[in-house]
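Work through these exercises with the structure open beside you. Try each task before you read its solution.

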Amino acid sequence: YTILAAMKSQPEMKVEIDGHTDSDGDPLANQKLSEDRAKAVADFFIENGIDPSRISWKGFGSTRPVSDDKSRNRRVEFVFL
């Protein structure tokens with residue numbers, strides 16, 4: 001059961017998509033990358049029939065790491081509203 005399927009079957013569900021990066025590179029570039037990463041996921045949902053009013057996105061750059069393993073910090077997270 002995917003998030004897309006859940007959103008299609010529950011039209012009241014809203015989601016915030018949060019983008020993150022690792023700490024390598026320039027902080028401003030990482031901020032933009034995290035925003036672009038989250039927006040790409042939002043665009044996927046919209047292109048697959050989810051109303052844009054049900055989706056928001058934010059980028060956090062490298063400010064919220066979850067691991068010392070850099071690859072785990074390159075991610076998006078879903079916050080259901």
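## Exercises on a predicted model

The protein chain exposes about 5,000 Å², and carbon and sulfur atoms supply 55% of that area. Keep in mind that the model is predicted.

**Exercise 1. Describe the overall layout of the protein chain.**

Step 1. Take the elements: the chain has 3 helices and 3 strands.

Step 2. Read them along the sequence. The pattern is α-β-α-β-α-β.

Step 3. Along its principal axes, the C-alpha trace spans about 40 × 20 × 20 Å.

Step 4. The chain has 81 residues, and 33% of them count as buried.

Step 5. Look at the contacts between residues at least 6 apart in sequence. Of these, 72% join residues at least 24 apart.

**Exercise 2. Find the largest nonpolar core and say which elements supply it.**

Step 1. In soluble globular proteins, nonpolar side chains tend to be buried together.

Step 2. List the members. The largest nonpolar core has 12 residues: Leu4, Ala6, Met7, Met13, Val15, Ile17, Ala38, Val41, Ala42, Phe45, Ile50 and Ile55.

Step 3. Assign them to elements. Helix 1 (3–9), strand 1 (15–20) and helix 2 (27–47) each supply at least two residues of the core.

Step 4. Pick the top contributor. Helix 2 gives the most to this core, with 4 residues.

Step 5. Zoom in on Ala42. Beyond its neighbours within four places in sequence, Ala42 is in contact with Ile17, Ile55 and Trp57. Ile17 and Ile55 are also on the core list.

**Exercise 3. Describe the aromatic pairs and the cluster they form.**

Step 1. Count the pairs: there are 2.

Step 2. Take Phe44 and Phe45. Their ring centres are 5.9 Å apart, with 75° between the planes. An angle over 60 degrees counts as edge-to-face, so this pair is edge-to-face.

Step 3. Take Phe45 and Phe78. This pair is edge-to-face as well, at 6.1 Å centre to centre and 80° between the planes.

Step 4. Phe45 lies in helix 2 and Phe78 in strand 3 (residues 75–80), so the pair ties together parts that are 33 residues apart in sequence.

Step 5. Join the pairs. Phe44, Phe45 and Phe78 form one aromatic cluster.

Step 6. Phe45 has a relative accessible area of 4%, so Phe45 is buried. Phe44, at 43%, counts as partly exposed. Phe78, at 30%, also counts as partly exposed.

**Exercise 4. Is Thr21 buried or exposed, and what does Thr21 touch?**

Step 1. Locate Thr21. Its place is in the loop between strand 1 and helix 2.

Step 2. Apply the cut-off. Buried means under 20% relative accessible area. Thr21 has 4% relative accessibility, so Thr21 counts as buried.

Step 3. List the contacts. Leaving aside neighbours within four places in sequence, Thr21 is in contact with Asn30, Leu33, Ser34, Arg37, Gly61, Ser62, Asn73 and Arg74.

Step 4. Look closely at Ser62. The backbone nitrogen of Ser62 lies 3.4 Å from a polar atom of the Thr21 side chain.

Step 5. Follow the contact to Asn73. Asn73 sits in helix 3 (residues 70–73). Its relative accessibility is 5%, so Asn73 counts as buried. Apart from neighbours within four places, Asn73 is in contact with His20, Thr21, Asp22, Pro65, Val66 and Ser67.

Step 6. Go from Asn73 to Phe60. The two are 13 residues apart in sequence and 11 Å apart in space, C-alpha to C-alpha. At Phe60, the charged end of Arg64 sits over the ring, 3.9 Å from its centre.

Technical notes. Residues are numbered from 1 along each chain as its sequence is written. This is a predicted model: local features need pLDDT of at least 70, side-chain atom pairs count only at pLDDT 80 or more; totals for chains, interfaces and linings use all residues. Side-chain values use heavy atoms; hydrogens and water are left out. A nonpolar core is a set of buried Ala, Val, Leu, Ile, Met, Phe, Trp, Tyr and Cys residues joined through side-chain atoms within 4.5 Å. Buried means under 20% relative accessible area, exposed over 50%, partly exposed in between (1.4 Å probe, protein chains only). Contact means heavy atoms within 4.5 Å. Rings of Phe, Tyr and Trp (its six-membered ring) pair if their centres lie within 6.5 Å; planes under 30 degrees apart count as stacked, over 60 as edge-to-face and the rest as tilted. A charge sits over a ring if NZ of Lys or CZ of Arg is within 6 Å of the ring centre and within 35 degrees of the ring normal. A polar contact is a pair of N or O atoms within 3.5 Å; within protein, one must be able to donate a hydrogen and the other to accept it, and residues adjacent in sequence count only if both atoms are side-chain atoms. Accessible areas come from the Shrake-Rupley method with a 1.4 Å probe; for residues, only the protein chains shown count as cover.
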